[in-house]
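Here is a short report on nonpolar cores and helix packing. Look over the sequence and the structure first.

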Amino acid sequence: MLKEMIVFLKEKRSLLQWTQCDLSSESAISQTVISRIENGHDTGSIREFFMLLETLDIDRDEFIERLDLISPRKRLDDARKNNDFMKMKEILKMIPSNLREKNKYLHTHCVYHEALIDYEENNKICAYEKLNDIQHVLENDSHSKLLLSEIHLALGVLSLELNLDAFKHFKKSSELLNTVNETKYNFERIVKVRCNLAATYCRRQLFHLVNRELNQATALLKRFESTYFKLEIEYARLLFYINTHHKNIKKQYQYILYLLEDYPNEKVKQNLSNIRI
């Protein structure tokens with residue numbers, strides 16, 4: 001991460017065709033400090049670092065976004081959202097083993113994605129074992145409750161396919177979500193878990209739990225003024241209505257067709273074409 005920060009600063013200085021001496025004159029930071037920062041020997045003080053950003057006309061949000069893009073965890077998350085398993089493999093290969101050994105959170109994140117790749121390649125038992133191992137590692141970690149909730153959800157889905165006890169994992173996932181603070185930084189992941197929980201409960205005909213998860217997911221979207229996962233929530237609600245013979249099935253079906261105009265989703269569109277109302 002430090003190396004990428006240094007490269008970013010050097011790139012901006014080069015674009016301006018400034019020498020280190022020029023940057024020193026403009027920023028009032030000694031050339032010695034700038035040299036040490038660019039050679040990776042020092043990061044300077046926080047004040048000096050942000051003075052350099054300002055002098056080089058680097059927007060702080062742009063800089064943070066750039067760092068997010070190079071973060072292995074962020075890159076894995078992006079690949080997972082796009083169901084890009086080849087990209088996941090590429091990113092995992094690029095992460096040094098010593099970095100994983102030093103960072104428990106990065107390691108568990110990597111194992112989680114390795115398990116997803118195993119599942120995609122139909123190595124379900126291997127995926128289950130990996131997820132089971134890391135859930136024990138994270139069990140008493142108060143900082144990893146959201147990730148642990150996702151892991152238990154995945155374990156539940158795998159358990160259904162392997163004829164194991166799935167409900168305990170779904171229950172644990174839901175319990176963990178209830179202890180997580182809902183913020184603008186994590187609400188989308190919470191909505192995602194609740195959508196998936198609703199779908200799994202629907203398959204088990206636990207309809208009171210389906211309704212609970214969908215209502216909580218919808219409330220989160222309204223609270224944070226977001227449309228993220230709105231289509232997925234409403235599609236899950238349609239399945240709920242179909243399974244419970246709800247009077248609003250046709251109305252819900254038409255509503256999803258309306259949503260598809262603004263939020264195109266080929267998977268939902270395909271699934272919808274297989275439904276006869």
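Leaving aside neighbours within four places in sequence, which residues is Val191 in contact with?

## Contacts of Val191

The model is predicted. With those neighbours set aside, Val191 is in contact with Ala217, Leu220, Leu221, Tyr228, Phe229 and Ile233.

## The largest nonpolar core

Val191 belongs to the largest nonpolar core, a set of 37 residues. Four members touch the most other members: Val191, Leu238, Ile256 and Leu272. Two or more residues come from each of these helices: H11 (145–161), H12 (167–177), H13 (187–203), H14 (207–223), H15 (230–244), H16 (249–262) and H17 (266–273). The most come from H13, which gives 9 residues.

## A separate core

## Packing of H6 and H9

Helix H6 covers residues 72–81, and helix H9 covers residues 104–120. The two pack at an angle of about 20°. Their axes are 10 Å apart. Angles under 35 degrees count as roughly parallel, so H6 and H9 are roughly parallel to each other. Their crossing is left-handed.

On the H6 side, the contact is made by Pro72, Arg73, Leu76, Asp77 and Arg80. H9 brings Tyr105, Leu106, His109, Cys110, Tyr112, His113 and Leu116. How do the residues of this contact divide into nonpolar, polar and charged, and how many are in each group? There are 7 nonpolar, 2 polar and 3 charged residues in the contact of H6 with H9.

Notes: Residues are numbered from 1 along each chain as its sequence is written. This is a predicted model: local features need pLDDT of at least 70, side-chain atom pairs count only at pLDDT 80 or more; totals for chains, interfaces and linings use all residues. Side-chain values use heavy atoms; hydrogens and water are left out. A nonpolar core is a set of buried Ala, Val, Leu, Ile, Met, Phe, Trp, Tyr and Cys residues joined through side-chain atoms within 4.5 Å. Buried means under 20% relative accessible area, exposed over 50%, partly exposed in between (1.4 Å probe, protein chains only). Helices (H or I, at least four residues) and strands (E, at least two) are DSSP runs, numbered from the N terminus. Contact means heavy atoms within 4.5 Å. Axes are lines fitted to C-alpha atoms, for helices over the stretch in contact, and angles run from 0 to 180 degrees between N-to-C directions. Angles under 35 degrees count as roughly parallel, over 145 as roughly antiparallel, 65 to 115 as roughly perpendicular and the rest as oblique. A crossing is left-handed if the near helix is turned anticlockwise from the far one by less than a right angle, and right-handed if clockwise. Ala, Val, Leu, Ile, Met, Phe, Trp, Tyr, Cys and Pro count as nonpolar, Asp, Glu, Lys and Arg as charged, and the others, Gly among them, as polar.
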